[in-house]
Amino acid sequence: MGSNNIQAVKGMNDLLPSESPVWQYLESTVIDILQSYGYQEIRFPILEKTALFKRGIGEVTDIVEKEMYTFTDKGGVNKSGESLTMRPEGTASCVRACEQNKLLFDRANQVQKLWYTGPMFRHERPQKGRLRQFHQIGVETFGLEGPDVDVELLLITAKLWKELGIDNVVELQINTLGTKESRANYRTALVEFLNQHRGALDEDSVSRIDRNPLRVLDSKNADTQTILNDAPTLMDYLDDESEAHFSQLKSLLDSQGIAYTINPRLVRGLDYYGKTVFEWVTTKLGAQGTICAGGRYDGLVEELGGKPTPAVGFAMGIERLILLIQELNVVPKDIFRSADVYLVVAGDVQEKAFQISEHIRSSLPYIRLQMHCGGGSFKSQMKKADKSGAEIALILGENEAEEGVVSVKYLREDKQQHSVKFDEIINTLS
Ligand code: ATP
Ligand code: MG
């Protein structure tokens with residue numbers, strides 16, 4: 001590429017036709033499973049007011065402090081524009097959309113089981129499995145206190161990993177953040193501990209001691225992690241309600257045969273997250289090992305202006321899942337075909353070729369039929385037929401057209417080429 005050509009923004013990728021079948025396969029597998037559990041799709045804008053994310057994600061988080069794509073919108077006459085942000089995640093927008101459209105408003109509408117998918121934007125250092133525009137499939141439920149629905153979410157994900165053939169390389173980690181009251185007691189003990197070790201913690205962690213101490217637990221700094229080995233754990237501060245929720249969660253998971261490990265460092269770190277938190281992790285993707293993360297956020301709807309509404313959800317990273325299924329070589333081979341049948345148009349027979357193609361497409365809509373366009377020799381057309389991945393080449397030449405037949409050539413099977421009358425084509429292909 002010449003130096004004059006404009007390149008894509010760093011960390012924002014194109015998706016090429018050669019890769020899109022993998023995305024379609026992944027997305028449709030996930031969506032089919034979600035629909036089979038009765039979850040419904042919701043779509044919301046990519047741009048939201050910055051305040052939504054500041055309140056919804058929390059001011060003292062990596063996302064809000066460092067990673068958001070924020071700009072000032074054009075203002076009206078004598079009015080300055082407002083601050084907008086490209087969504088870095090979906091939960092806050094989902095809550096905003098539900099509230100604004102009264103999906104959580106009356107009794108009949110209190111329970112929602114929703115999913116969404118689309119691009120998210122974070123200004124991070126791009127590397128394998130970490131992009132600036134990446135994609136998530138997210139699931140949120142509202143109006144259910146759990147832990148039954150928490151378990152349902154984990155069942156959905158476990159089923160998905162099985163369906164994708166990655167269940168052997170992912171591990172479920174769970175933790176509980178307890179109720180608000182348990183967290184408050186724990187917070188006091190943790191702050192005291194962190195203050196004792198202030199000098200040895202990384203800079204980010206020190207700055208969070210007073211503002212968001214739980215978040216220090218998930219610091220990526222190795223020295224900080226070593227110090228945290230001796231930190232008090234939230235498990236020792238759980239009240240009866242937190243204990244009961246967590247032990248029911250565990251026993252339901254056991255009853256459904258879903259294996260897990262308890263990771264006391266797993267946190268979401270904001271006051272409106274509580275009780276269940278979880279991550280599905282793999283060791284096959286280096287540092288970007290979390291493919292799906294979620295938890296219960298019973299306080300968020302209220303924080304954003306709604307009535308108190310229990311809620312739990314998760315989001316999975318599509319790019320990381322794609323890397324994983326490619327790494328494990330479990331992508332089905334047949335998704336890459338662009339056609340099942342390829343019609344070779346040899347000579348001046350376009351009109352008939354269109355007729356036959358349209359007839360096949362309307363009679364057998366599940367067949368992907370490519371009609372050759374652009375002329376060229378018989379040999380070059382046969383090469384294209386082969387490259388398309390089609391099982392069958394239908395050949396229409398001037399002789400065939402005159403006799404009212406097409407030749408049927410099997411491209412992947414050792415079967416004799418033969419010709420069929422026009423009105424027999426559907427029978428032959430079905
Ligand atoms: P990490 O610790 O890897 O930065 P996170 O805690 O910021 O992840 P979440 O906000 O919980 O991630 O998002 C849910 C999922 O979305 C992650 O588990 C991951 O699979 C995916 N994800 C998050 N950030 C990125 C990114 N920059 N590029 C690609 N995928 C991402
Ligand atoms: Mg992150």
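This is a predicted model: local features need pLDDT of at least 70, side-chain atom pairs count only at pLDDT 80 or more; totals for chains, interfaces and linings use all residues.
The side chain of Lys49 meets that of Glu82 in a salt bridge, at 3.9 Å from N to O. A salt bridge here is a side-chain nitrogen of Lys or Arg within 4 Å of a carboxyl oxygen of Asp or Glu.

Lys49 belongs to strand β2 (residues 47-49) and Glu82 to the loop between β3 (69-72) and β4 (83-86), so the pair ties together parts that are 33 residues apart in sequence. Helices (H or I, at least four residues) and strands (E, at least two) are DSSP runs, numbered from the N terminus. Glu82 is partly exposed too, with a relative accessible area of 41%.

## Other salt bridges

The count comes to 19 salt bridges. One of them joins the side chains of Asp62 and Lys66, at 3.5 Å from N to O. Asp62 and Lys66 are four residues apart in helix α3 (residues 62-67), a separation of about one helical turn. Asp62 is partly exposed at 29% relative accessible area, and Lys66 is partly exposed at 45%. Both residues also belong to a network of salt bridges that links Asp62, Glu65, Lys66, Asp204, Arg208 and Arg211.

Another salt bridge joins the side chains of Arg361 and Glu358, at 2.8 Å from N to O. This pair is in helix α13 (residues 350-363), where Arg361 and Glu358 are three residues apart and separated by about one helical turn. The relative accessible area of Arg361 is 31%, which is partly exposed. Glu358 is also partly exposed, with a value of 45%.

## Negative surface patch

Asp348, Glu351, Glu398, Glu402 and Glu403 form a negative surface patch. Patches are made of residues with over 30% relative accessible area and no salt bridge; like charges are joined within 9 Å, and nonpolar side chains (Val, Leu, Ile, Met, Phe, Trp, Tyr) within 5 Å. Accessible areas come from the Shrake-Rupley method with a 1.4 Å probe, and for residues only the protein chains shown count as cover. Lys and Arg count as positive and Asp and Glu as negative, while His and the chain ends are not counted. The place of a charge is NZ of Lys, CZ of Arg, CG of Asp or CD of Glu.

Helix α15 (residues 398-403) gives the most to the negative patch, with three residues. Glu402 lies in this helix, α15, and is exposed, with a relative accessible area of 74%.

## Backbone features

The peptide bond from Gly146 to Pro147 is cis, with omega near 10°. Pro147 is in the loop between β6 (133-142) and α5 (148-164).

Lys102 has a phi near 60°, a positive value in a residue other than glycine. This lysine, Lys102, lies in the loop between α4 (91-100) and β5 (112-121) and is partly exposed, with a relative accessible area of 46%. Lys275 also has a positive phi, near 55°, and is likewise a residue other than glycine. The loop that holds Lys275 runs between β8 (261-262) and β9 (276-282). Lys275 counts as buried, at 12% relative accessibility.

## Met382 and the chain as a whole

Met382 is in helix α14 (residues 378-387) and is buried, with a relative accessible area of 13%. Met382 and Tyr342 are 40 residues apart in sequence and 8.8 Å apart in space, C-alpha to C-alpha.

The secondary structure of the chain comes to 16 helices and 16 strands. The radius of gyration is 28 Å, well over the 22 Å that the globule rule gives for 430 residues, so the chain is more spread out than a compact globule. This radius is taken over C-alpha atoms, and the globule rule is 2.2 Å times the number of residues to the power 0.38. The C-alpha trace spans about 90 × 60 × 50 Å along its principal axes. Of the 430 residues, 49% count as buried.

## Basis of the values

Residues are numbered from 1 along each chain as its sequence is written, with chains lettered from A and ligands numbered from 1 in the order in which they are written. Local features need pLDDT of at least 70 and side-chain atom pairs count only at pLDDT 80 or more, while totals for chains, interfaces and linings use all residues; side-chain values use heavy atoms, and hydrogens and water are left out.

Key: Buried means under 20% relative accessible area, exposed over 50%, partly exposed in between (1.4 Å probe, protein chains only).
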